[in-house]
Amino acid sequence: MDSSATDPFDTGRFEAGRNRLASLAYRLLGSAADAEDAVQDAFLRWQAADRRRIQVPEAWLTKVVTHLCLDRLRSAQLRRERSAGDWLPEPLLDGDPLLGPAETVEQRESVSLAVLTLMERLTPVERAVYVLREAFAHSHTEIAAVLDITASASQQHLHRARRRLTAARRRDEVDPATARRIVEEFLAAASSGRTERLVALLTDDATAISDGAGPARRLLRFDTPRRVAAVARAGFRPSPAKRRLAGGTPALHFAVVNGSPALLAVVGDQVVGSVSFDVAHGRIATVRGIAAPARLTRLTEAWRQRDPDPPIVASW
């Protein structure tokens, strides 16, 4: 018997599009947990809807998820959580379904940590237009129907969004061999204690952002190559206090996070830190350090499903 005939909620039809809806929500919210909540809320609305009147389920669900995310972005609670200097997007390991689709440069760019961070500067509607157009290739007519605006307004929102995100578009896409080399060179330079060796790997306007190894309530920012080099040297110098904070002696692994080269600190099967790198013109332009456990939950779950290559450093 056709399972759809015995499924009053058309669950199979919803599940067929779940990954697409979740990747849309992740791009809009920058949080895997919030994205999954939005998709689950959409499923409840799907269950309650008169589906006989829904002519194009994919379009209906896209609109519902988008508006659920817009409501979240506009909420006073989220604005407090993301007040200036307090927020970084949740990093995801290469291959996570939330990072799809990834066939075009625009699609991959839209889920980079650089773009997700800068999208905080956009209004919720600008953010939605940008994601729907760049990541999912919707026409302006389709976007207008999703957001209840005109097609010309959609075009204007996209123009403003692209202008504000220009800074994120300078990063290079690097092949896996180059990505690994960059991570290994950075780690070797940071461990050497030689500032000049580190500075040589950085662009002239390099910056670093860190959540302060977890306990800090505000982000730490460093905005010159020498400051970035100094904090990298200090951060990669092992100590008993850092091992206690990490919960053990980490192994340092190469990884790809949101399309960028990254270094993961792993204790047992727990990822306790992620350092990712934006590359521009062959040098490191941005370093992002994330150690807050709440931001690493999904990345750790994905890591546990991997059979990773040997670590760059087995015992840090």
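Reader: What do E5 and E6 form, and how many residues sit between them?
Author: They form a hairpin with two residues between them. Strands here are DSSP runs of E with at least two residues, and helices are runs of H or I with at least four, numbered from the N terminus. This is a predicted model, where local features need pLDDT of at least 70, side-chain atom pairs count only at pLDDT 80 or more, and totals for chains, interfaces and linings use all residues. Residues are numbered from 1 along each chain as its sequence is written, and side-chain values use heavy atoms, leaving out hydrogens and water.

Reader: ok, what about His-281, buried or exposed?
Author: His-281 counts as exposed, at 73% relative accessibility. The cut-offs are under 20% relative accessible area for buried, over 50% for exposed, and partly exposed in between (1.4 Å probe, protein chains only). His-281 lies in the loop between E5 and E6, and its phi is positive, about 55°, although it is not a glycine. Most residues other than glycine have a negative phi.

Reader: How many bridges join E5 to E6?
Author: Seven, and the two strands run antiparallel, with E6 covering residues 283–290. Strands pair if DSSP finds at least two bridges between them.

Reader: Why is strand E5 largely enclosed by the rest of the structure?
Author: Because nine of its eleven residues (270–280) are buried. Take Ser-274, which is in E5: Ser-274 is buried, with a relative accessible area of 2%.

Reader: What is Ser-274 in contact with, leaving aside neighbours within four places in sequence?
Author: Val-257, Leu-263, Leu-264, Arg-288, Gly-289, Ile-290 and Leu-296. Contact means heavy atoms within 4.5 Å.

Reader: Switching to helices. At what angle do the axes of H3 and H4 cross?
Author: Roughly 130°, with the axes coming within 9 Å; H3 is residues 32–48 and H4 is residues 57–74. That makes H3 oblique to H4. Axes are lines fitted to C-alpha atoms, for helices over the stretch in contact, and angles run from 0 to 180 degrees between N-to-C directions. Under 35 degrees counts as roughly parallel, over 145 as roughly antiparallel, 65 to 115 as roughly perpendicular, and the rest as oblique.

Reader: Which residues in H3 and H4 meet?
Author: From H3, Asp-34, Ala-38, Asp-41, Ala-42, Arg-45 and Trp-46; from H4, Pro-57, Trp-60, Leu-61, Val-64, Val-65, Leu-68, Cys-69 and Arg-72. By class, that contact has ten nonpolar, no polar and four charged residues. Ala, Val, Leu, Ile, Met, Phe, Trp, Tyr, Cys and Pro count as nonpolar, Asp, Glu, Lys and Arg as charged, and the others, Gly among them, as polar.

Reader: Where's the cis peptide bond?
Author: It joins Gly-100 and Pro-101, with omega about -10°. Pro-101 is in the loop between helix H5 (76–81) and helix H6 (105–109). Most peptide bonds are trans.

Reader: Last one: where is Asp-148?
Author: Asp-148 is in the loop between H9 and helix H10 (151–164). Its phi is positive, near 60°, and Asp-148 is exposed, with a relative accessible area of 55%.
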